[in-house]
Amino acid sequence: MAKRPASFICQVCGAAHTRWQGRCESCGAWNSIAEETTAADTLPANLRGGRKGRLIALESLSGTSEDAPRVRVGISELDRVAGGGLVPGSVLLIGGDPGIGKSTLLIQASAALAGAEHRVIYVSGEEAVAQVRLRAERLGLAGAAVELAAETNVEDIVATLSEGRKPALVVIDSIQTMWTDTVESAPGTVTQVRSSAQILIRYAKRAGAAVILVGHVTKDGQIAGPRVVEHMVDAVLSFEGDGAHHFRILRAQKNRFGPTDEIGVFEMTGLGLSEVANPSELFLSNRDSGAPGTAVYAGMEGTRPVLVEIQALVVPTNLGTPRRAAVGWDPSRLSMVLAVLEARCGIKLGAHDVHLNVAGGFRISEPAADLAVAAALISSLSGAVLPHDSVYFGEVSLTGAVRAVPHAMARLKEAAKLGFTRAVAPEAKGSSGGSSGGSGNGAAKEPLESPLATETVTSLGDIVAAIASRAPRRAPRERQEG
Ligand code: TYD
Ligand code: MG
């Protein structure tokens with residue numbers, strides 16, 4: 001006898017259980033399991049099995065195939081994150097907190113594409129048509145030829161989309177509100193969301209239209225409920241930002257058609273989202289360069305250099321276990337830098353609380369920020385103000401050595417463009433190919449002309465000494481180096 005399929009599904013992770021229980025064993029969430037009719041129960045008989053397989057042609061890896069054609073939206077920050085425009089037939093999921101501006105971004109994208117003579121359909125499952133219109137009016141886009149619908153049934157939506165000219169873009173806002181007749185569970189459940197997404201994905205592939213799904217994010221940053229949808233779509237973008245700041249960052253988490261390290265930066269204004277072509281200016285706009293504990297980090301986000309200020313506060317603790325807090329940076333990397341400072345440079349921080357903040361709410365994922373973090377920490381501890389015209393980058397290893405990082409030239413150029421005159425960094429990678437550099441000089445390496453005066457550091461000790469020499473108790477003197 002066939003086993004009855006599991007029909008208790010965790011609404012957080014999508015795991016299937018054979019009976020109800022209070023806690024999901026798979027993800028640990030409490031009270032998240034609900035009974036659902038699984039897809040196998042509801043599939044029409046002809047799909048349940050028994051059909052003889054059709055032969056498919058197998059092909060070789062070599063052979064000609066064209067690059068995926070792209071439809072450029074015309075919002076370059078969005079196009080770049082998507083990998084150079086939307087790929088027809090692909091499905092993109094945009095996740096983000098409520099109120100972050102997903103609907104605003106997508107109505108702007110829809111209007112931009114519609115302006116380029118493409119057919120664009122915007123389906124809202126959350127707002128009435130009048131509300132969407134109101135937003136478009138506020139954005140000055142009321143004249144755009146976007147076709148609107150307020151609908152939540154996927155079958156009705158697909159039937160409507162299949163009529164008339166093929167749309168270049170279909171926006172579904174949001175996938176959590178969609179439901180399909182083929183599944184009996186309530187809208188918003190994992191099964192409903194997954195089945196609805198499946199139908200829309202099938203539509204996208206068949207019709208060759210780009211589909212953008214909006215997904216809500218839970219408080220722990222996951223796209224709510226259906227992580228499964230993330231695996232089904234071609235690209236997952238997250239739209240981030242926080243209430244205290246006006247800028248928003250669009251980040252690719254997964255992309256079958258492009259890189260995942262690109263970001264798009266927007267600013268939320270009274271007239272919608274405007275693109276920020278030079279994010280460094282935005283992140284450095286409120287710099288307070290007269291205080292100790294701040295260092296400017298020359299970072300990279302994808303192919304683009306971004307300069308941000310790193311702020312550290314090191315204060316004597318009155319707790320048994322000192323606090324270590326990092327906002328915008330990996331806390332375990334902060335612990336590592338602190339441990340290296342203690343073990344290799346003799347800087348004892350066991351009796352100090354350490355707070356680290358990346359200004360402007362930016363989030364850094366590169367280890368190249370180690371050196372800037374260390375500089376900010378030492379500066380705060382010693383009270384020495386770092387020179388306001390310097391940028392820092394370099395990776396700190398456990399031995400205390402400072403290692404080269406990629407794209408040194410791009411970082412230096414960006415810093416020079418923004419008026420910085422000095423950089424503190426490890427020796428660039430390209431300048432030492434092997435261990436011996438005696439005879440064949442300059443054949444492979446291109447001459448690197450740094451646009452800034454670069455102070456080369458090889459170990460964390462170098463930078464500790466340099467900053468200590470600026471500390472207030474000593475006679476203030478400029479370092480003399482060429
Ligand atoms: P919205 O796009 O509705 O967010 P989401 O779809 O992600 O939930 O954006 C809502 C917020 O954006 C709201 O708090 C108001 C703000 N906003 C502006 O500041 N300027 C604007 O022009 C618009 C349309 C919205
Ligand atoms: Mg919305």
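**View 1. Polar contacts hold the focus around ligand 1.** A polar side-chain atom of S103 sits 2.6 Å from an oxygen atom of ligand 1. T104 also places a side-chain N or O atom 2.6 Å from a ligand 1 oxygen. K102 uses its backbone instead: an N or O atom there is 2.8 Å from an oxygen atom of ligand 1. A polar contact here is a pair of N or O atoms within 3.5 Å; within protein, one must be able to donate a hydrogen and the other to accept it, and residues adjacent in sequence count only if both atoms are side-chain atoms. Taken alone, ligand 1 exposes 560 Å², and the protein buries 74% of that. Accessible areas come from the Shrake-Rupley method with a 1.4 Å probe; for residues, only the protein chains shown count as cover.

This is a predicted model: local features need pLDDT of at least 70, side-chain atom pairs count only at pLDDT 80 or more, and totals for chains, interfaces and linings use all residues. Residues are numbered from 1 along each chain as its sequence is written, chains are lettered from A and ligands numbered from 1 in the order written, and side-chain values use heavy atoms, without hydrogens or water.

**View 2. The shell around ligand 1.** The ligand is surrounded by 16 residues, each with a heavy atom within 4 Å of it. G99, K102, S103, T104 and G272 are the closest. By class, the shell has five nonpolar, seven polar (Gly among them) and four charged (Asp, Glu, Lys or Arg) residues. Nonpolar covers Ala, Val, Leu, Ile, Met, Phe, Trp, Tyr, Cys and Pro. Helix α3 (102–115), helix α4 (129–138) and strand β11 (263–269) each supply at least two shell residues. The most come from α3, with three. Helices (H or I, at least four residues) and strands (E, at least two) are DSSP runs, numbered from the N terminus.

**View 3. The aromatic pair F239 and F266.** The count is one aromatic pair. The ring centres of F239 and F266 are 6.0 Å apart and the planes meet at 80°, so the pair is edge-to-face. Rings of Phe, Tyr and Trp (its six-membered ring) pair if their centres lie within 6.5 Å; planes under 30 degrees apart are stacked, over 60 edge-to-face, the rest tilted. F239 lies in β9 (residues 235–240) and F266 in β11, 27 residues apart. F239 is buried at 2% relative accessibility, and F266 at 1%. Buried means under 20% relative accessible area, exposed over 50%, partly exposed in between (1.4 Å probe, protein chains only).

**View 4. Q192 in helix α6.** Q192 belongs to α6 (residues 190–207). Its side chain reaches the backbone oxygen of V183 at 3.2 Å. Q192 is buried, at 2% relative accessibility.
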